[in-house]
Amino acid sequence: MTSSFSLGQVLDLKPIAREIRPKAPQSTQEQYHPTLWQCTVVAATLKILLLPAYKSTDFEVHRNWLAITHSLPPWEWYYERTSEWTLDYPPYFAAFEWLLSQLAALIDSDMVDTNNLNYSSWPTIAFQRASVIVSELLLFAALYFFVASTPFGARKQSHAVALSILLSPGFLIIDHIHFQYNSMMYGILIFSIALARTDSGLLSSGILFAVLLCFKHIYLYLAPAYFVYLLRAYCLSRNNVFRPHILNCIKLGVSVLAVFGAAFGPFAYWGQLDQLMSRLFPFSRGLCHAYWAPNMWAIYSFVDRLLILVAPYLKLSIDPGALHSVTRGLVGDTSFAVLPNISPKLCFSLTLAFHIQALTTLWLKPTWETFVGALTLCGYASFLFGWHVHEKAVLLIIIPFSLIALKDRSYLASFRPLAVAGYISLFPLLFTAQEYPIKTAYTIGWLILFLYVFDRLAPAPSRQRVFLLDRFALLYNAISVPLIIYCSLVHQVLFRDKYEFLPLMFTSTYCAVGVITSWIGFMVCYLSS
Amino acid sequence: MSQASTPHKPRKKKRQLVRSNTLTDIARVEPGSDSINPEFNLVSFLLPARGKSQWISIPLILIFTGLFRWATGIWGYSGQGIPPMHGDFEAQRHWMEVTQHTPVSMWYFYDLPYWGLDYPPLTAYHSWVCGKIGTLINPEWFALFTSRGYESPDLKVYMRATVIISEYLVYVAALIIFIRHYSRSQGIGTTAANTALVAILMQPATMLIDHGHFQYNTVMLGFVIASLSSIYANRPLWSCIYFVLALGFKQMALYYAPAIFAYLLGSSLTPRLRISRLLAIAIITILAFAAVLAPLMAGTLYDLYRGFDLPYRPPPAFLAQRRITLDPKTTTGALTLQLSQMIHRIFPFARGLFEDKVANFWCTLHTFYKLHRLESYIQLPRLSAYFTFMTILPSMSVLFGCPRPSLIPYAFASCAFGFFLFSFQVHEKSILLPLLPMTLLLSSKKGLSKEYRAWIGFANAVAVYTMFPLLRRDGLRTPYTVLSLLWSWLLGLPPLSMSCYYDPDLPNVPGRPLAPDELRTLTKIFHWWFYAVMGFWHLLAAFAEPPATKPDLWVVVNACVGCVGFVVCYVWCTWKLILESGLLNDYFEDTAKYIDSLMGGEEVWGVGEQQDGVEKEENAEDTIVVQSPGSGEKATPKGKGKGGKKRR
């Protein structure tokens, strides 16, 4: 057979033998759909569309910080007080703002002028919003790492969890509408938690958490769990508590000190530590924040309000000065009319008590899951009993809890009311009509989707169920619908502008019930495992 | 994926998933393994819903696509902050004001120069309802006269809400039902149908115009979809009613009228004459029209009865020209006058051939050859009517000749493209009309194959591109960019993905026979070239100043480029219509026989299947494409001319 080509052969559309191509190397990791990246892209498009949405004063706060860090030397950062929104985040965050401000100055130099109060040109809005969207990539990376670090059998579950965190309505509402940089910091937190899975990652986990603390000190709430876990699992032998790994202790101690030193060292050198601390920890604020975070004190004040109504019949004494304190809804000192007032000391000792209880278990059983559980419980205790808690702090519970929510169905059962209550409690942050459909539709969509998916993915518990929350949870979730309708619509129609505090009070009391129930449910799971 | 370690007891028994044959269009199933790789990004989001309840997936789809709509709505609208006339937003608000505060008989007469009502009565009723509810919330929004040019964040939220609620009540509801019927008739699976649903809902052009620019097109389009859906559900009378509603909402629905007329007429005549059906259709249509007009007429009569004096000056132009005078004091006079005024308002023949810059034939022609030079030979409206008639003739005649429901989307698209390209007084927003049936094809049997996706994506890309100058005026550049890129990313289309044009599994060798859903190389080159041109245009518009003598140069270039694209889309739709109708099957067979006899007379493929069964809808195309193993290597018959586009 000659190999010459005839015209006929060329025209002939013979099916050509399939070229054998080397198959793309099958990754050992099975792809779950949709991938994290796909969700990031779609979510990012929605967030870009939300650029002109409502923004709270936090937008101006961050713009002011851009201006402070750009136009002043570091030793004046924590003294500058032209704007009422002084810099009150730790130094790494200030450095982050400084980095951003370098770019910002190129885009709109008026943005980085400290005297330009409430400046919000379109480039400023676009730049600041874009910085949140871009910095969220850190969360994406952290979640990617988290899924990759999961043992093979549970990867499908952890993929679902990662998606739920990535698409969390909390981040949409707080970061992309209200305006903050939480998603980035939770990215660092998740990185650190995921690193703690393996013994080799413990050191870097600790360092990352120290870095996180220097970004935002609210994570101090979680620090006890870190401290105990690292001490127990890294510094001491797992089998024998009395045999410390000296080298590990030194490594951890030196690196954590180095992190803090890099952050606070310069300020200590300038002798500004006192000033810095007074900015970071303003103790002069009241028990409840403007919109009552859904914690114990919300229920406490609700009961107090109820008692005011029935006090005349029960012959209780009413403190007349306190009658209008909560209703004012201002950041200030809260006092109660019937019930005894709460002191910061009481808050602190309650928090500490519940911390200790969670940490004892962690000390006795230093596994990764117990560690995440302890983180969650630390978040719970600080949120439920803390002094002047923001409703945004509920993410401190939800995010760590998400990581273990699919451990089995009893965990999921206590996660459900938390997700419902936690996210609904964020609603009062956005009170404009334009954002109302966004927050409600997104949150409801998220709840339907992920509670359904979680329900299908959570394995049955390996032990007897001890706590039956299901019926309650169903009823509880159902109540949320009339509640949302009342707060958004019916109240307006009934009272117009009177009793503005009522919807807020109902929301926070309702949410507080959910958070507390889920806390009890989780404690049972945690302690019985 | 149960784990060995945990005692996983699934609550519900897992259903065995039945793989529909369209799954291969949207996902690649690895042989021998359970893993399914989506063909394009959108499928990734819907694959996990496989085998799950539609009661979960459909609400979720509606919630999340609704979010994108609302988020688009927080951007600017037409004429925001541009006194004195503002734009479409003010027009709609003004109609709510007028219908609130003037008697019904005045609606088509009230202060015409300031956004006088120029849509059919259903729009007026809709405005009345929206205005009533709005007045309850805040009377200032629609106060007579004082509210002109009223702008406030609250009003914007309210108006946006009316759009989205109207859309969900009509368009979305109709679309869901349509896809149920249509996918069943086309035999496609749930996942593919849901994918198509999301793709259609996320169509950037419709979203940007209705929720960005501000209009209520989706209500009209929704009625059209409902009309289509009734045809698939085999309820032709309902189809008439819905179509009349569409016409009654916006006269633009007339773009489809010849096609649906041809279909209904054809279906009453073939396969046998059905007088009763024909009569029923005629009567129902007339009754529906009467019902749409009834409130307007009743209102006029009531006003007459009350003795309300109508300022009937000036009389409609076409009456004045014919020297017809009507006495508004008599019943018939008042009714005729109202009717003629309404028609006069709805069809403004007095205006020019085209307004602004629109990507149709006349505007493009005008760029190169000034149209007034033609005016001495022929009246332009008449010329445009001839051209339009010629271009809608193919779709009408095919649909009349073989009135099969499966052909309707093609025919609608082709017919509407004909109108858009050649008819009178076309707006750039009218491109939504041809675009809708073409995009609906995504839910057809081959809708998610590479070929269809590439073409539908192309049409959508060109459409949204031609609206860019309009959207830029409204401050919608960012939503434009984001939404169109998102859509193309979801569907695996350029500029973000080439997956429609390239299959990594196929060898890259010249002369390889085309895969079943592969585009011809020339088509691919044309598409890429076109995308490149559109991209380059954006660069020009962003960074280059047009010459001082021609400040509108970029906009004109945009319209001309768009026109070329639409002509090609028109040709594609028409050609697909003809192919799908099977009218050319005989022709292809003859050619095939002829070629085969030339090549040595091997067995002619496809004949066996062709003979049994006259109405072989489903296989109409497959029979001429499927190559039997023995003779497959013989040359594919060369269809003449545009046949190249379709031959595989």
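A:F215 is found in helix α11 (residues 202-215) of chain A; helices (H or I, at least four residues) and strands (E, at least two) are DSSP runs, numbered from the N terminus. The model is predicted, so local features need pLDDT of at least 70, side-chain atom pairs count only at pLDDT 80 or more, and totals for chains, interfaces and linings use all residues. Residues are numbered from 1 along each chain as its sequence is written, chains are lettered from A and ligands numbered from 1 in the order in which they are written, and side-chain values use heavy atoms, with hydrogens and water left out.

## Exercise 1: A:F215

Task: Is A:F215 buried or exposed, and which residues does A:F215 touch?

Solution. 
Step 1. Buried means under 20% relative accessible area, exposed over 50%, partly exposed in between (1.4 Å probe, protein chains only).
Step 2. A:F215 has a relative accessible area of 13%, so A:F215 is buried.
Step 3. Contact means heavy atoms within 4.5 Å. Not counting residues up to four places away in sequence, A:F215 touches A:Y89, A:P90, A:Y92, A:F93, A:F96, A:M184, A:M185 and A:I188.
Step 4. A:D199 is 16 residues from A:F215 in sequence, and their C-alpha atoms are 25 Å apart in space.

## Exercise 2: two domains of chain A

Task: Describe how domain 1 and domain 2 of chain A meet.

Solution. 
Step 1. Count the residues. In domain 1 of chain A, 43 residues are in contact with 41 residues of domain 2 of chain A.
Step 2. Find the area. The size of an interface is often given as the accessible area lost when the parts come together. Buried area is the accessible area (1.4 Å probe) that two parts lose on being put together, summed over both. Domain 1 and domain 2 of chain A bury about 4200 Å² between them, with 81% of it on carbon and sulfur atoms. On the domain 1 side, A:Y54, A:I173 and A:Y221 lose the most area to domain 2 of chain A, together 15% of what that side buries.
Step 3. A salt bridge is a side-chain nitrogen of Lys or Arg within 4 Å of a carboxyl oxygen of Asp or Glu. The rule finds one salt bridge across the interface of domain 1 and domain 2 of chain A. A:K392 forms a salt bridge with A:D58, with the closest N and O atoms 3.7 Å apart.
Step 4. Name the elements. On the side of domain 1 of chain A that touches domain 2, two or more residues come from each of α8 (155-166), α9 (169-179), α10 (182-195) and α12 (223-235) of chain A. The largest share of that side, eight residues, comes from α9(A).

## Exercise 3: salt bridges within a chain

Task: How many salt bridges does the whole structure have over all chains? Which parts of chain A does the pair A:K407 and A:E369 tie together?

Solution. 
Step 1. A search of the whole structure finds 16 salt bridges over all chains.
Step 2. One salt bridge joins the side chains of A:K407 and A:E369 (3.7 Å, N to O). A:K407 lies in the loop between α19 (395-404) and α20 (409-424) of chain A and A:E369 in helix α18 (residues 368-385) of chain A, so the pair ties together parts that are 38 residues apart in sequence.
Step 3. A:K407 is partly exposed at 27% relative accessible area, and A:E369 is partly exposed at 36%.
Step 4. In chain B, B:E518 and B:K524 meet through their side chains in a salt bridge (3.1 Å, N to O). B:E518 is buried at 13% relative accessible area, and B:K524 is buried at 10%.
Step 5. B:E90, B:R93 and B:E97 are linked in a network of salt bridges.

## Exercise 4: chain B

Task: Which helices and strands does chain B have, by number, and what share of its residues is buried?

Solution. 
Step 1. Chain B has 27 helices and two strands.
Step 2. Of its 648 residues, 57% count as buried.
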